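User: I would like to learn how to read a few features of a protein model, taking them one at a time. Could we go through them together with the structure in view?

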Amino acid sequence: MKSLTAGDLEDCLMTKVSVRRQQISQIVEDVQRVVHQLTTEISHQDIRFQAVPYSDTYNGNIKVLSPSQFLVTVPVRGLAGYREAREQRWRCYTLQGARLSCPLRDPEGLQQWLEVEQFMKSLWQWHEADVNIEGDIVPAKVLQVFRKLVENAVGTCHLSGKVSMLTHHSAVWVAVETATWQVELELVPAVEIPTAWSEKARWPPCLRRWPSRQRAECIKSFGFALLARSQYHWQLSFLQAEQVLLEQLDEDGGCRSRCLQALRQMKEDVWCPGKRPVITSHHLQTVLFWTCEKYPHLKDWQVFSKAFLRLVRKLHKCVSQHFLRHYFVRKSNLLRSANSGDLDAVAQRLALFLKNPQVSPP
């Protein structure tokens with residue numbers, strides 16, 4: 001280990017980042033092939049699910065949360081013309097269709113109900129009882145259907161030696177053997193809504209200089225998605241909007257992207273390693289977005305070492321307080337369900353680093 005000086009910090013970390021990028025690129029290529037094969041077969045078996053396309057460049061359906069943990073969104077088909085629900089009603093049903101004496105809890109934060117009538121056009125299959133209860137498209141029911149399709153596709157595509165189902169989750173997880181190492185994928189059915197911006201995302205707030213008002217309107221034009229990741233409520237997702245923000249970070253010549261890459265490298269190497277890290281790449285990019293909003297000017301992003309340590313301090317504050325607001329839905333805490341002990345351990349490592357910044361040579 002060596003102490004970091006303003007001169008060697010960027011060189012040391014960027015060398016490591018370059019090696020990581022090559023490794024992740026190969027893993028993503030292997031994962032893409034498997035995902036495309038599986039979802040193509042699934043789309044043949046059930047018209048409600050689309051195949052995830054193979055891409056030689058960035059694939060918006062595959063999100064690298066850590067080197068061994070990926071989120072894969074599988075678009076659904078046959079739901080078009082989304083509009084926000086205008087009337088609230090009680091839900092008093094179970095997943096088996098039985099009646100409850102008390103209504104189900106209302107969605108919170110990043111959650112919402114989804115009624116088939118919220119779409120101007122819908123395939124008749126979305127009205128079927130295998131996914132629909134009293135007019136609601138229920139994510140747990142969608143996941144039940146989807147899990148069986150994934151299981152069948154693994155066999156049909158002769159991928160049993162490469163892909164295995166992980167059964168200790170309510171969501172659909174698979175382990176994939178790549179040429180580099182084993183990765184775990186969460187395969188999530190996603191209702192993509194490119195024509196609207198969620199009313200829960202009251203963004204951007206007034207009197208903010210980053211991003212510009214014009215840029216913010218462009219980002220909102222990419223819409224949002226609803227992910228099947230729980231029992232009754234759909235989860236709001238803004239992966240495409242976030243990606244557009246990331247791609248346009250340094251048009252002024254700043255070092256924001258390099259700081260994020262370095263932060264991710266240190267997180268994976270030192271602060272929060274492992275297969276199922278409590279802090280993921282999504283948390284880190286959210287920390288960056290908040291910091292960009294607080295420090296919107298180029299002068300704050302010209303000296304790498306200062307900008308990087310500013311990000312580390314912001315991450316330490318969020319992890320220590322077990323509180324990180326979602327960037328678009330600001331009433332939602334992204335660390336709400338995280339393990340407190342794991343967060344405290346990460347906070348301790350971050351505090352040690354800030355006292356004496358050190359990095360092992362590449």
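Predicted model: local features only at pLDDT ≥ 70, side-chain atom pairs only at ≥ 80, totals over all residues.

User: Now to backbone angles: what is phi of H158, and where is H158 found?

Analyst: Phi of H158 is near 55 degrees, which is a positive value in a residue other than glycine. H158 sits in the loop that runs between helix 2 (139-156) and strand 9 (163-166).

User: Is H158 buried or exposed?

Analyst: A residue is called exposed when its relative accessible area is over 50%, and H158, with 71%, is therefore exposed.

User: Which loop holds H322, and how does one describe its phi and its accessibility?

Analyst: H322 is found in the loop between helix 7 and helix 8, and although H322 is not a glycine, it has a positive phi of about 55 degrees. Its relative accessibility is 22%, so H322 counts as partly exposed.

User: How do the axes of helix 7 and helix 8 run relative to each other?

Analyst: One looks at the approach of the axes and at the angle between them. The axes of helix 7 (residues 304-321) and helix 8 (residues 340-355) come within 9 Å and cross at roughly 150 degrees. Angles over 145 degrees count as roughly antiparallel, and the two helices are therefore roughly antiparallel to each other. In handedness, the crossing of helix 7 past helix 8 is left-handed.

User: Which residues meet where helix 7 contacts helix 8, and what are they by class?

Analyst: From helix 7 come F308, L309, V312, R313, L315, H316, V319 and S320, which meet L343, V346, A347, L350, A351, F353 and L354 of helix 8. Sorted by class, this contact has 12 nonpolar, 2 polar and 1 charged residues.

User: What does the UniProt record annotate at residues 255-350?

Analyst: The unreviewed UniProt entry carries the annotation "domain: Mab-21-like HhH/H2TH-like" for residues 255-350. In the model that span is 61% helix and 0% strand, and its end C-alpha atoms lie 21 Å apart.

How values were computed: Residues numbered from 1 in each chain as written. Heavy atoms only, no water. UniProt positions renumbered as here; feature names shortened; annotations may be inferred. Helix = DSSP H or I, 4+ residues; strand = E, 2+ residues; numbered from the N terminus. Axes fitted to C-alpha atoms, helices over the stretch in contact; angles between N-to-C directions. Parallel < 35°, antiparallel > 145°, perpendicular 65-115°, else oblique. Left-handed = near helix turned anticlockwise from the far one by under 90°. Contact = heavy atoms within 4.5 Å. Nonpolar A, V, L, I, M, F, W, Y, C, P; charged D, E, K, R; others polar. Buried < 20%, exposed > 50% of the residue type's maximum accessible area, 1.4 Å probe, protein only.
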